[in-house]
Amino acid sequence: MLPATGPQTWSPPAECRERLPEDYHPITRTERTHLYLDSVIGPQVFLFTAASAGVSTAANVPHEWEANSRGFGYRAGSFYGQTLIANTVQSGVAWARGEDNRYFVSGEQGTWRRLKYAVSSAFLSRRDNGTRTFSIAAIAGPAAGAAISRAWQPPSNSGVGDAALSFGLAIAFSVGSNVAHEFMPGPLRKFLP
Amino acid sequence: MRPLLICAVVAAASAAPPPPAACGDPHLPKLLWSEPRLMTNEDWSCGPAGCAARPVPPFHFLKAEQGGSTPKMDVRDSKGRIWSVKFGGEVIPECFGSRFLTALGYFAESTYCVSDFKVQGVTGLPVIVSHQQRPDGSFARARFEIRGDKTMQFLPHCNWAWKDNPFLGSHELGGLKIVMMLLSNWDTKDAHYGDDSNNGVFLSNTSGHPELLYSTFDWGASLGAWGGMMHRDQSDCVSFAADTPKFLEDPAGSELDWGYSGKDTKDITEGVDRDDIRWLLPYLERITPAQLETGFIGSGATPRQARCWTSSLEERIRQLQIAAH
């Protein structure tokens, strides 16, 4: 063993800095519960809700809610409601089907390979046996959020086309989040949803 | 209605089987620790019972365990021995825990990590177990623990508490608490949790006379992050490493300030002093980093994970060395 030396200077070695696919182990019920709670009441959710509401208020979309503080409140409530529905449905379907949608950094070399892995991971999940398959939960969650949230949208944003656009944006957000997880330096990843 | 309810509760409580007589026998020696033998590389690789005793395929399915959060089944191997097979995230922690505890002189059931195996005659698996099976019918990795171990006979309903046991104030108990923290085992359930306790008693006759071996036997919730409900995990070398700088907040300080947090944190952090560290250190210091890595790989870890856990454990031991001075 190492001899006792001075004050603490240790920092985790390279092997310990990020979780790779080999670190996968079947998700437990407790871990599923933690993940779900984090996805609906974690700080990142409120951060991204506020950011999304800020952008759409600045763009005044939908225009019926106006570009003021009340409009910001409506939009923030709407984004949060949609996220709550999407993540609840996604977690429920994942639990029922034994899907695990956690993201593990690829550990691959080369930008193209890493990018391919990150993008494909938005549509794939791991099963308890370690294999990766198409994820119904990853589609059902955003679809449910986009569709059900039309119920409280004003007329200019409540059509089928609007729901499709909202679904597309949610999937794009999921892809972008994976790409950020893959390429961002480790310490910054904790700010990602 | 209320008297009836009380009667029902009392009846249910009295219907619970009593602990075995040996449990409270004042004449039986009670041991928490014994002088450990030097573990060989083979012990670290296969497990403390050695490679010769490991499970031998083909495995025949006996039954699956219903309920519980961890998938389990019983199988019989080609030598006719019955094994409890556990899947999931507890495989590496349980297999490594038994090696580490044995190396330090604490009592642990012998466990083996078996990879890439098939089980014949598998039928009627509950979903939680069938999800472990690959498309070709094989299983990736599992912990095998022998049923009906003659050397360590588990005594049901015979639990002990961290703050109520025959070893209070001893270095052996302080040392066990340090080992709990070293491996970040946050599942501290003891006799206060009834039969959910991870602190049990085993009857042993290996020394020629019956002895009661006190043991903490479930190490599945270790080698990850310690902490509260929303933070802790298991078998995660990244979060284990992240907690490591906080293992002892100021090792050279006047007070021991443990970073550890578990289900009942004070049960573990209280009653540990520098003399306990000094008592345990010689046993820790004779374990080499190469043996730790071998132990991790033998427990199912990849070489990268083994290096990560080993590096963190070395650092935790270094902090103990500073605290002991």
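Q: What makes the reach of helix α5 (residues 171-182) of chain B close to the expected one?
A: Helix α5 of chain B has twelve residues and reaches 16 Å from its first C-alpha to its last, which is close to the 16 Å expected at 1.5 Å a residue. The expected span of a helix is 1.5 Å times one less than its number of residues. Helices (H or I, at least four residues) and strands (E, at least two) are DSSP runs, numbered from the N terminus. The model is a predicted one, in which local features need pLDDT of at least 70 and side-chain atom pairs count only at pLDDT 80 or more, whereas totals for chains, interfaces and linings use all residues. Residues are numbered from 1 along each chain as its sequence is written, while chains are lettered from A and ligands numbered from 1 in the order in which they are written.

Q: Why is α5(B) described as largely enclosed by the rest of the structure?
A: A residue is buried if 20 or more other C-beta atoms, placed from the backbone, lie within 10 Å of its own, exposed if 12 or fewer, and partly exposed in between. Ten of the twelve residues of α5(B) are buried, so the helix is largely enclosed. The buried residues are B:Leu173, B:Gly174, B:Gly175, B:Leu176, B:Lys177, B:Ile178, B:Val179, B:Met180, B:Met181 and B:Leu182. Their cover includes α3 (91-104), β10 (211-216), α7 (265-269), α8 and α10 of chain B. After the helix comes B:Ser184, with a positive phi near 55 degrees.

Q: What makes B:Val75 count as buried or exposed?
A: B:Val75, in strand β3 (residues 72-76) of chain B, has 26 C-beta neighbours inside 10 Å and therefore counts as buried. Not counting residues up to four places away in sequence, B:Val75 touches B:Phe59, B:His60, B:Phe61, B:Leu62, B:Trp83, B:Val85 and B:Val119. Two residues touch, or are in contact, if their C-beta atoms, placed from the backbone, lie within 7 Å. The C-alpha atoms of B:Val75 and B:Glu172 are separated by 36 Å, and the two residues are 97 apart along the chain.

Q: Why is α5(A) called oblique to α6(A)?
A: Two packed helices are described by the angle between their axes and the distance between the axes. Axes are lines fitted to C-alpha atoms, for helices over the stretch in contact, and angles run from 0 to 180 degrees between N-to-C directions. Helix α5 (residues 136-148) and helix α6 (residues 160-183) of chain A pack at about 140 degrees, with their axes 8 Å apart. Angles under 35 degrees count as roughly parallel, over 145 as roughly antiparallel, 65 to 115 as roughly perpendicular and the rest as oblique. The two helices are therefore oblique to each other.

Q: Which hand does the crossing of α5(A) and α6(A) have, and which classes of residue form the contact?
A: The crossing is right-handed; a crossing has this hand if the near helix is turned clockwise from the far one by less than a right angle, and is left-handed if anticlockwise. Residues making the contact include A:Pro142 and A:Ala146 of α5(A) and A:Phe167 and A:Ile171 of α6(A). By class, the contact has nine nonpolar, three polar and no charged residues. Ala, Val, Leu, Ile, Met, Phe, Trp, Tyr, Cys and Pro count as nonpolar, Asp, Glu, Lys and Arg as charged, and the others, Gly among them, as polar.

Q: How do you know whether A:Ala163 is buried, exposed or partly exposed?
A: A:Ala163, which lies in helix α6 of chain A, has 19 C-beta neighbours inside 10 Å and so counts as partly exposed. Apart from its neighbours within four places in sequence, A:Ala163 is in contact with A:Ala146, A:Ala147 and A:Arg150.

Q: What makes α2(A) oblique to α3(A)?
A: The axes of helix α2 (residues 43-59) and helix α3 (residues 69-97) of chain A come within 8 Å and cross at roughly 135 degrees. That angle makes α2(A) oblique to α3(A). The crossing is right-handed, and the contact has seven nonpolar, seven polar and one charged residues.

Q: Which element gives the largest share of the side of chain B that touches chain A?
A: In all, 36 residues of chain B are in contact with 26 residues of chain A. The largest share of the chain B side, twelve residues, comes from α10(B). By class, this side has 13 nonpolar, 14 polar and nine charged residues.
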